[in-house]
Amino acid sequence: MKLGLQVMRFDWPGSPANIGSTLTAVGKAADAAGFDSLWAMDHFFQMDMPQGGLEPEAPMLDGYTVLSYWAAITTRIRLGTMVTGVNYRHPGHLLKIVSNLDVLSGGRAYLGIGAGWYEREARGLGFPFPPLKDRFEMLEETLQIVKQVWSGDFSAYNGKHFQLAEPMNNPQPLTQPHPPILVGGSGEKKTLRMVAQYADACNIFVYMPPEDLARKLAVLKEHCDNLGRDYDSIDKTALGQVNLGEGGMTPAELIEQCRGLAKIGFDTFIFSIANVEDLQHIETIGREVIPAVAEL
């Protein structure tokens with residue numbers, strides 16, 4: 001099993017003056033520890049989840065600015081957003097951003113994308129926030145566009161929501177055939193079908209009973225079978241949070257959580273770490289957990 005680190009808050013002690021230096025320290029520590037991937041949320045407001053200690057007024061950085069910053073100070077770890085809302089950027093612009101990130105990072109970019117959900121953020125900043133049905137249509141068109149362009153086909157695309165007369169994209173990504181595409185969400189009729197049809201990875205929240213997680217993967221496999229897609233070619237990723245240290249889980253308990261996810265069928269566990277600015281948590285995972293779960 002591979003592990004990924006998500007950084008989802010920037011309100012650590014000393015913020016905002018030390019945001020840059022702390023991002024540097026966290027990125028370098030995750031790279032050195034052996035994490036497979038490093039993820040930034042693609043939000044402009046912090047999430048409105050007071051039960052989790054998150055308030056919209058808290059500091060939040062643009063996800064692709066963070067990834068570009070990390071690309072310059074890391075050497076091996078893969079970089080992506082968890083995940084870009086399809087309503088945030090026109091697909092012609094988005095594929096350019098991710099292509100450039102892949103080139104500048106030496107072939108380490110992911111495209112993480114989803115239908116979007118944060119209406120307050122969109123309304124607050126003036127982003128379009130069409131109905132969910134339309135956002136799913138926009139998501140599918142965006143996936144079609146990036147797959148077309150990254151295959152080298154710059155011919156016009158004429159969809160219901162997006163029309164691109166000449167989607168030229170130079171330089172193309174270094175990663176071949178293209179940067180991995182991760183679609184976030186666990187909707188069984190649309191999201192998981194789009195994973196099977198277009199993506200290289202799914203991403204499902206761990207906050208449901210194991211039998212429900214197993215059912216989500218079974219539905220994904222059914223979509224793969226219906227579309228003639230190799231289910232094993234898809235990276236099954238789970239998303240959660242980890243709290244190490246006093247009052248939290250031990251490294252051994254994190255290993256057992258990974259073991260349970262692997263038994264269900266997940267290949268990668270991506271998580272945020274409480275107090276991630278305390279680098280000893282990253283170092284502990286690198287020393288005690290990553291080697292132990294590598295063969296799961």
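Reply: On a 1 Å grid over the protein atoms alone, a pocket is an open set of points with protein on both sides within 12 Å along at least five of seven lines, whereas a cavity is a set of points where a 1.4 Å probe fits but cannot get out; lining residues have an atom within 4 Å of a point. Grid points are joined across faces, edges and corners, and a volume is the space filled by probe spheres set on the points. The model is predicted, so local features need pLDDT of at least 70 and side-chain atom pairs count only at pLDDT 80 or more, while totals for chains, interfaces and linings use all residues. Residues are numbered from 1 along each chain as its sequence is written, and side-chain values use heavy atoms, with hydrogens and water left out.

The largest pocket has a volume of about 990 Å³. Its lining comprises 46 residues, of which Gln6, Met41, Met47, Phe205 and Leu239 are the closest to the centre. At least two lining residues come from each of β1 (2-7), β4 (84-85), α5 (132-150), β9 (201-205), β10 and β11 (268-273). Among these, β10 gives the most, with four residues. Helices (H or I, at least four residues) and strands (E, at least two) are DSSP runs, numbered from the N terminus.

The largest cavity contains about 40 Å³ of space. Its lining consists of Lys2, Asp36, Ser37, Trp39, Tyr110, Leu182, Asp235, Thr237, Thr268 and Ile270. Two or more of the lining residues are given by each of β2 (37-40), β10 and β11.

Aspartate 102 lies in helix α3 (residues 91-104). Aspartate 102 is buried (under 20% relative accessible area, with a 1.4 Å probe and protein chains only). It has no salt bridge, a term for a side-chain nitrogen of Lys or Arg within 4 Å of a carboxyl oxygen of Asp or Glu. The nearest side chain of opposite charge, arginine 78, is 4.9 Å away; Lys and Arg count as positive and Asp and Glu as negative, while His and the chain ends are not counted. A polar atom of the aspartate 102 side chain lies 2.8 Å from the backbone nitrogen of leucine 174.

Conventions:
Buried means under 20% relative accessible area, exposed over 50%, partly exposed in between (1.4 Å probe, protein chains only). A polar contact is a pair of N or O atoms within 3.5 Å; within protein, one must be able to donate a hydrogen and the other to accept it, and residues adjacent in sequence count only if both atoms are side-chain atoms.
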